[in-house]
Amino acid sequence: MALSKPSILNHLTKALTESCRLRSHAPPPAFIYIRLFSFATPEEAAAERRKRKRRLRIEPPLSSLRHQQQQQSRPSPPPQQSPNAPKLPEPVSALSGNRLNLHNQILKLIRENDLEEAALFTRHSIYSNCRPTIFTCNAVMAAQLRQSKYAELLSLHRFITQAGVAANVVTYNLLLTVYLDCRKMDLALEQYKQLINDAPVNPSPTTYRILIKGLVDNQQVEKALEIKNDMEIKGFKPDPTVYSYLMLGQAKNSNAEGVFELYEELKQKLGTEEILDGVIYGNLMKGYFLKGMETEAMEVYNKVLGDGSSVKMNAVAYNFVLEALSKNGKFEEALNLSERMKNEHDPPRKMSVNLGSYNVIVDGYCVEKRFNEAIEVFNSMGEKRCSPDTLSYNVLIDSLCNNDKLSEAEDLYKGMGDKNVKPDEHTFVTLMDTCFKENRPDDAAQYFRTMVESKLRPNLAVYNRLVEGLVKVGKVDEAKSFFDLMAPKLKMNDDAYKFIMNVLFENGQHDEVMKIVEGMLREDLNDFSEELEEFVKEGLRKVGREEEVTNIKLEIEREKAEAEAKAAEEVEKAKARSNVTVSSLLPFKLGNKDNENKDMEDKSSSEVAEEEAVITPILSSDEGDESAEGEGNVVNEQVTTA
């Protein structure tokens, strides 16, 4: 039964009334959710945004601060260095840990005088996990320098340079000392220029001392004065040691005025009337002795070494004064000063005696012809912990040989091995010349042979003296044997060849001369000059063998031409073999591709043949149809006409 509209409205009204009654008795909610807006108008919101932006510009947010701190905590990558830039040497702090232990191990080998093992250990350690520092390398090279092992020193320096060990100023100083000791002035000056212009380190006062002393010792005083001026331009203070070396050079050149000028210049630059470094006064005394002013020289001596003197003296300063006294007729005063030096010697507090002090006294005794006392002083060096070197032995051996004391000189030579001192070329040459004077040619030849076997390098003048001495006593065969020994090692001139050839001609050994000529032609045609060729032909002409020189030259030229042709043939054969080898080593796939190409070609040709075979009958059938049609037309035409 359907409800009427009024009844529906009444029902809805009751329902709403009942729900309102029930709601009125419900408890009120704990929270009233009211939606509030931040800003009343859009203008206020825009103003707030602008304010917030201004605050962010002044005070960045914490997130950005944390990001900046993280970036700052990250280590910045090192700047890329140019590969052409010189490598800086390591600081002293690098000598620590295992590298310091390695350094101490190598120093122990040096103290034990095992330099070969020390150098070998250094080389092996270069490419190990514990790489030696430049300080370790310098220690080994300095030990080699003290024993005059110049070749080994240069070899080690070349090795560490190729290994990338950066040199410091001490390394450059060692190289300068080597070149100057070997009288290689050009190399020394070139090394100095490299240090000034290209090296990442600056020269030290020791660098200039070494260079100027070496130039003075090699009679290049003018160049030494230029280096002194360069030293002052670079901002170094006036060095009394440098000036003492320059004054010594002027004294060697007998230039007393130059000595006094340098002394006055040093006083002016130091701004004082009295120089407190005693190294300058020994050479100043030499200047006075050169001028004949002995009184003034002794006044300087008494002033410097008298009681209450404020001048500081060391071993080098004492040695200059000793030399000035002993070489100018004041040897007794030099002996008294030597005793005073020994009494004052108290290492390590004061070093007043060194090897040079003994060398000066020994030389003074030799000048006074007091050789027994000279040998006694020489043997007493160990009392002050001084060890003689090769130069010390050479000075005494030379003096003994020049005064007919060959036996004493040979005793000293035999004792060099006991003190681990190796003789040099000067030692052997002095003994060889003295043996010839004493009519002992066999001993002279033996000294020369020992020198060569010791890997020393006698020059051409020494070789000429040996051969001439042997020929004078009739030992032609021995002279020829030494010629054969030294010909590959020396660059002989025409005079040396002429001498030995003339001796052989006089002894009828023409075949030996032809062997020498043949060896020269096979080695280098330029060695056999026209003058020497004419000399040989003149000697052979006397026995009717003049044409042998021309025949040998033609034979050698023919052999060289055949050798060149054979070499060219071998080159062509090698090329052919290489081509065959390359073709045999080509990839197998390439051969397969060639076979596939051939198969494709064969296949395509066969397919073409088959297609032609198929097409031919068709064409023939078409041609038959055409002929039949033609015949039918003809028949029709005939029927029509009939």
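Mentor: What follows is a talk about charged side chains in a predicted model.

Trainee: How many salt bridges does the structure hold?

Mentor: The structure holds 38 salt bridges, and one of them joins Asp217 to Lys252, with 3.6 Å between the closest N and O atoms. Because Asp217 belongs to helix H10 (residues 205-217) and Lys252 to helix H12 (residues 240-252), this pair ties together parts that are 35 residues apart in sequence.

Trainee: And how exposed are Asp217 and Lys252?

Mentor: Asp217 is partly exposed, at a relative accessible area of 31%, and Lys252 is also partly exposed, at 42% relative accessibility.

Trainee: What about Lys223 and Glu226, where do they lie?

Mentor: Both are in helix H11 (residues 221-233), three residues apart, which is about one turn of the helix, and their side chains meet in a salt bridge with an N to O distance of 3.5 Å. Lys223 is partly exposed with a relative accessible area of 29%, while Glu226, with 46%, is partly exposed as well.

Trainee: Which residue does Arg545 form a salt bridge with?

Mentor: Arg545 pairs with Asp511, and their closest N and O atoms are 2.8 Å apart. Since Arg545 sits in the loop between helix H28 (530-541) and helix H29 (548-584), whereas Asp511 is in helix H27 (residues 510-523), the pair ties together parts that are 34 residues apart in sequence. Arg545 is partly exposed, with a relative accessible area of 22%, and Asp511 is partly exposed, with 48%.

Trainee: Which residues are linked in a network of salt bridges?

Mentor: Lys228, Glu232, Glu265 and Lys269 are linked in such a network.

Trainee: Changing topic, which residues gather in the patch of negative charge on the surface?

Mentor: That patch brings together Glu112, Asp114, Glu116, Glu117 and Glu152. Glu116, for its part, is placed in helix H5 (residues 115-126).

Trainee: Why does Glu116 count as exposed?

Mentor: Its relative accessibility is 62%, and exposed means over 50%, so Glu116 counts as exposed.

Trainee: Last one, then: where is Ser155 placed?

Mentor: Ser155 is in helix H7 (residues 150-162) and counts as partly exposed at 26% relative accessibility. Ser155 and Ala119 are 36 residues apart along the chain, and their C-alpha atoms are separated by 9.9 Å.

Terms used. Residues are numbered from 1 along each chain as its sequence is written. This is a predicted model: local features need pLDDT of at least 70, side-chain atom pairs count only at pLDDT 80 or more; totals for chains, interfaces and linings use all residues. Side-chain values use heavy atoms; hydrogens and water are left out. Patches are made of residues with over 30% relative accessible area and no salt bridge: like charges are joined within 9 Å, nonpolar side chains (Val, Leu, Ile, Met, Phe, Trp, Tyr) within 5 Å. Accessible areas come from the Shrake-Rupley method with a 1.4 Å probe; for residues, only the protein chains shown count as cover. A salt bridge is a side-chain nitrogen of Lys or Arg within 4 Å of a carboxyl oxygen of Asp or Glu. Lys and Arg count as positive and Asp and Glu as negative; His and the chain ends are not counted. The place of a charge is taken as NZ of Lys, CZ of Arg, CG of Asp or CD of Glu. Helices (H or I, at least four residues) and strands (E, at least two) are DSSP runs, numbered from the N terminus. Buried means under 20% relative accessible area, exposed over 50%, partly exposed in between (1.4 Å probe, protein chains only).
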